[in-house]
Structure formats: structure tokens, C-alpha cells
Amino acid sequence: MTHEPQTQEEVLLEGFLLLDTPDGLRAELIDGEIVVTGLPDGDHEHHISVIIEQVIRKSATDMDFSGNKGLKIPRDSRTVPDHVIPDGTFVPHDQRLFQGAEPWMPCEGVSMVVEVTSAKPDRDREAKRHRYANGDIPLYLLVDREKSSVTLFSDPENADYREVVTVPFGKSINLPAPFSFPLETADFL
């Protein structure tokens, strides 16, 4: 029996999926690179908590949240999808997308992903922004601790977002449908 030779990308994906990442670390496959990150600090988690609390209380649509959901995102013409883990993933509760999902689920049906910058903020500002847009995730909320700002990227097209709104910490930022409320950022100060 003959086997088709694997491409370099397929070998990379196979190795990535076999990784046994130690406790306290998480691994992602972004733009053909394996990225390993450590545990977030308390301020990082505080920002995530502030967002979750407001979405649960104020969103026009009931949402489910995951802080560690692996997403498979197509990569243009390449055969191997990116495998990313947003700091936060929101999906409509009535769709039950997390229920029975594989560790790396497709991004169809995801309403919004959230990233809070850490040690490598440019990865969140650039690489992940393009990955999420490529996956047609409608909303990407970036809490940029280095710049003390919150940016909402929306209307994905051609691996980027066509609409970008940035506000400084302390100002509110309007989350469109299905959320339909102004997210307050005063607690980020």
C-alpha cells in the first residue's frame, strides 16, 4: 500500500495535535507557527470577568462563554487550518455550540471572540485579528492593556475587519447585535 507524502503543513499540524502541553501552558497554531503561552495574570483575568459579567447581564441575546475553547480557522488557500484559543469566546445560548463540541471546533456560529493583551500584544493586534476575520467571526474585541484602550473589530472580509472602533479605558464601546449594549470599560482603569 502506498501513502501520499504529507506536506510540511500537514506534518506540522499532526505534530501540533499530538503535543502534550504541560499544565499551565496552552499551545496554538497561528500562521504555521506553534505558539505556547503561560498562565494569565490577575489583571488579565479581571478584564475578562468584567466583560463576561456585562454580557451575561446586558446582552439582548443569551450567550454562552468559554475561556479556553479551541477554534479551527481556515487559512486562505492552505490545507491546514489555524488552531487558536481566544481568551474568550461567546456563542448564542440557544445554538448550544459548545455542547458535544470537539476540543478544536469550527468557528461557524461564534458571535464574538475576546483577547486581552499579554506578553506579546502584537500577536493579538495583528495575527489573531487576521485569523478571526479569515474565520468570518463577526466581532473581535481587543482589550489592549499596553495602550489602555478597547478596540472592536467588525464586518470581516478578506482576512481583515472593515470596521474598527477604539475607545480609551473609561469610555463605553457599543457592542452591536446580537449583544446590543454599550460595554462599560471604567473597571479597566
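A salt bridge is defined here as a side-chain nitrogen of Lys or Arg within 4 Å of a carboxyl oxygen of Asp or Glu. The structure is a predicted model, in which local features need pLDDT of at least 70 and side-chain atom pairs count only at pLDDT 80 or more, while totals for chains, interfaces and linings use all residues. Residues are numbered from 1 along each chain as its sequence is written, and side-chain values use heavy atoms, with hydrogens and water left out.

The structure holds 14 salt bridges. One of them joins R162 and D155, with the closest N and O atoms 2.7 Å apart. R162 is exposed, at a relative accessible area of 52%, and D155 is partly exposed at 27% (buried means under 20% relative accessible area, exposed over 50%, partly exposed in between, with a 1.4 Å probe and protein chains only). A salt bridge also forms between R131 and D31, where the closest N and O atoms are 2.7 Å apart. This pair links distant parts of the chain, as R131 is in helix α3 and D31 in the loop between β1 and β2, 100 residues apart. Helices (H or I, at least four residues) and strands (E, at least two) are DSSP runs, numbered from the N terminus. R131 is buried, with a relative accessible area of 6%, whereas D31 is partly exposed at 38%.

E146 and R125 meet through their side chains in a further salt bridge (3.1 Å, N to O). E146 lies in the loop between β9 (139-144) and β10, and R125 in helix α3, so the pair ties together parts 21 residues apart in sequence. E146 is exposed at 59% relative accessibility, and R125 is buried at 10%. Both residues belong to a network of salt bridges that links D122, R125, D144 and E146.

Backbone geometry was examined in two loops. In the loop between β12 (173-175) and β13 (181-183), which contains P178, the peptide bond from A177 to P178 is cis, with omega near 10°. S180 is found in the loop between β12 and β13 and has a positive phi of about 60° although it is not a glycine. S180 is partly exposed, with a relative accessible area of 44%. A159, in the loop between β10 (149-157) and β11 (160-168), is likewise not a glycine and has a positive phi of about 65°. A159 counts as buried at 16% relative accessibility.
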